[in-house]
Each structure stands twice: as structure tokens, then as C-alpha cells.
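Colleague: Hi, could you walk me through this one? I have a few quick questions about it.

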Amino acid sequence: MKIPARLTPLISEGMIDRVVSRLMSGKEADVYIVEINGQRQCAKIYKDVEHRGFKQAVRYTEGRKSRNSRRGRAMEKGSKYGRDQKEKSWHDAEINALRKVAAAGVRVPKPMSCVDGILFMELITDTEGNAAPRLSEVALKPEQAIEDHNTLIKYILRMLHVGIVHGDLSEFNILVDEYGPVIIDLPQAVDAAANNNAREMLLRDVNKIRDYYAQYAPALSSTKYGKEIWSLYESGTLSPNVNLKGTFEENTKSADVEGVMHEIEEALKEQQERIRRIEEAEQNS
Ligand SMILES: Nc1ncnc2c1ncn2[C@@H]1O[C@H](COP(=O)(O)OP(=O)(O)OP(=O)(O)O)[C@@H](O)[C@H]1O
Ligand SMILES: [Mg+2]
């Protein structure tokens, strides 16, 4: 096969032993299987900014901070150095998000390194060692759909607990291996606390997953995990092991109508009693 130009320097330097095959040429990146120290790995080569699609849109990157203030200032200025730094921070965003969510107990490919705009990570495989299929390519039994849906809801919750919303979750960004679903493709991951679109994106992610699995297990379609998770997050009570109900009662539930009516009746009675006593006192005087 033709070796991609971006990988040739790494082969000459001996970092990569060989390129095994091309997996995918996506909108945002070209993905290859490579061999490093006799082990197969996945190499995701990011396309440069002109060839990239929607994921770098401002609504995703809003609130992202550069840890390095010089880099931050340069990015704002838009000079050549600034553009390079912006590219670098885009490349770093995915490996940083992968590390963070993996540490939070979410199954993602184990990230190895990010060199010259190429992310090296664990290759997720099927039982034969070939690249694992995407969720969109797998047929599921209803019980399996429910189990995998619940696993993903747990992963979404754990990501939010460490402040991350995936932002582009779908059956195309989830791989399935013998142990279950694995989330991929996180360069656009959103900072939940700093981004005003985070709630909307979390709800969209959850609903996409729900609707996809509901094809196999229709009972899932009435669940409301998204709103439940977000309200726990907002009230500061989200914990990775919280037991979710899958239902969400809009705020009206807090109105205990019967109780309130009782209070009103009691107040009315009290007032009438007061008036009666005043009238009685006036008559007696
Ligand atoms: N770690 C991995 N192990 C196995 N296959 C992978 C891995 N990472 C990516 N792939 C394959 O490569 C494809 C593209 O990867 P990814 O979704 O990360 O890139 P992308 O270019 O951003 O995609 P998109 O088309 O969503 O823009 C995936 O759908 C999957 O089939
Ligand atoms: Mg993708």
C-alpha cells in the first residue's frame, strides 16, 4: 500500500515499524493501522484546518482555555505562530480528553501519544484481531441493546462527572468489541462548565444513543436519562455511582397541591375565627 506522507518521517526515525492498512478516511482525519514494536496500533492523522469539517466550530471550542498563556494570546492574534498553536491545541484536545475520561472509568481506546498531529492509540479489535466494527454495523438482541445502552449512559455520566460532554456521540463514534461498547472520536469534546451549549449537547448525545438502541429495544424510547443526568450535574449531586431512574419529572412535581390547599383552608379558617372574635368583642363593648 501507499505509505501516507505524514507517516514517512516517523518510519525513517524508527518510531513506526510499518503501516499495515488504511482503516478509514473520514471528514476530520485519516485513520491507519500501524505496527509499533511488533504491536498493532491505531494512528489517527488529523487533517489540517482547511480540510476539517464542523467539529472545530466555535460552539464546541467555546470556553476552552489554553494552559499556556503565551499560547493563548498568540491564538487570539491569529499570526502564523498563533494558527500553529491553535492546530496544536486542537490535536492535544483529543488525547487530553481520552486520558481524562479513561481515568474516570469510561472505555475508550488507550491513548499512547500525539506526535506531529498524529494520535497513536490502542486499536480496538474484534475477536480475530481485525479492527472492531462500529455500532452502526452490529445487529443486537433486545437484552444486549438494553445492557449496552445502560453501559453508555453510565459512561456519559462519568464523563460529565469529570466535566466533559462528548458532543458528537452516535452509532458511528462507538465501536463494539467482545466486552461491549467503546467510545471514540473526542477532539470536539466540550468543557461542561465553561460552554453554554453543554446541556444541549449532552441531551443530544443521550437522545441519539437512546433512539439508536430503541430500534432493538423499543421500551428505551420513553426514557429521559439526559435531563435526569443534567439536573444532578446542575445541582452538584452527580456522582459516578448514582442510581438513575431513567425518568424525569418536570419541575411541577414539587408542587404538593393537596398540601397547599390544606394550608390555604387552614389560613382561611383562622382568619374567619379572628374576624368572628373581633366582631364579638365589638358587640360586647
Ligand atoms: N482506536 C480505534 N480502533 C479501531 N478503529 C478505530 C479506532 N479509532 C478510529 N477507528 C476507525 O476509524 C474511523 C474514524 O475514526 P474517528 O471517528 O475517530 O475519525 P473522524 O475522521 O473524526 O471521523 P468522522 O467521520 O466522524 O469525522 C472510526 O469510525 C473507526 O471505524
Ligand atoms: Mg468519527
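Predicted model: local features only at pLDDT ≥ 70, side-chain atom pairs only at ≥ 80, totals over all residues.

Colleague: Where is Asp30 found, and which residues is Asp30 in contact with, leaving aside neighbours within four places in sequence?

Modeller: Asp30 is found in strand β2. With those sequence neighbours left aside, Asp30 is in contact with Pro4, Arg22, Ser25 and Ile45.

Colleague: Let's move to the ligand. How many residues surround ligand 1, and which are the closest?

Modeller: Ligand 1 is surrounded by 22 residues, and the closest are Gly26, Glu28, Pro109, Ile124 and Asp185.

Colleague: Which elements give two or more residues to that shell?

Modeller: Those are the strands β1 (18-25), β2 (29-36), β3 (39-46) and β5 (118-122).

Colleague: What does the shell around ligand 1 look like by class?

Modeller: The shell has 14 nonpolar residues, two polar ones and six charged ones.

Colleague: Is Asn37 buried or exposed, and why?

Modeller: Asn37 counts as exposed because there are 8 C-beta neighbours inside 10 Å, and the cut-off for exposed is 12 or fewer.

Colleague: What about Phi of Asp116?

Modeller: Phi of Asp116 is also a positive value in a non-glycine residue, near 50°. Asp116 has its place in the loop between β4 (111-115) and β5. Asp116 is exposed, with 12 other C-beta atoms within 10 Å.

Colleague: Changing topic: how many residues are in the largest nonpolar core, and which have the most contacts inside it?

Modeller: The largest nonpolar core has 57 residues, and those with the most contacts inside it are Ile156, Met159, Leu160, Ile164, Val165, Leu202 and Ile229. Helix α5 (residues 142-161) gives the most to this core, contributing eight residues.

Colleague: Which residues does Met159 touch, not counting those up to four places away in sequence?

Modeller: Met159 touches Val101, Ala104, Val106, Ile164, Val165 and His166 on that count.

Colleague: Where is the place of Thr151, and is Thr151 buried, exposed or partly exposed?

Modeller: Thr151 is in helix α5. Thr151 has 15 other C-beta atoms within 10 Å, so Thr151 is partly exposed.

Colleague: What does Thr151 touch beyond four places away in sequence?

Modeller: Thr151 touches Gly180 and Pro181. The C-alpha atoms of Thr151 and Gly180 are separated by 8.3 Å, although the two residues are 29 residues apart along the chain.

Colleague: Now the helix pair. At what angle do the axes of α6 and α7 cross?

Modeller: The axes of helix α6 (residues 198-214) and helix α7 (residues 225-234) cross at roughly 145° and come within 8 Å. The crossing of α6 past α7 is right-handed.

Colleague: Which residues make the contact?

Modeller: From α6 there are Arg199, Leu202, Leu203, Val206 and Asn207, and from α7 there are Tyr225, Gly226, Lys227, Ile229 and Trp230. By class, that contact has six nonpolar, two polar and two charged residues. Leu202 and Ile229 also came up among the core residues with the most contacts.

Conventions:
Residues numbered from 1 in each chain as written. Chains lettered and ligands numbered in written order. Core = buried A, V, L, I, M, F, W, Y, C linked by C-beta atoms within 7 Å. Buried ≥ 20, exposed ≤ 12 C-beta atoms within 10 Å, placed from the backbone. Helix = DSSP H or I, 4+ residues; strand = E, 2+ residues; numbered from the N terminus. Contact = placed C-beta atoms within 7 Å. Near = placed C-beta within 6 Å. Nonpolar A, V, L, I, M, F, W, Y, C, P; charged D, E, K, R; others polar. Axes fitted to C-alpha atoms, helices over the stretch in contact; angles between N-to-C directions. Left-handed = near helix turned anticlockwise from the far one by under 90°.
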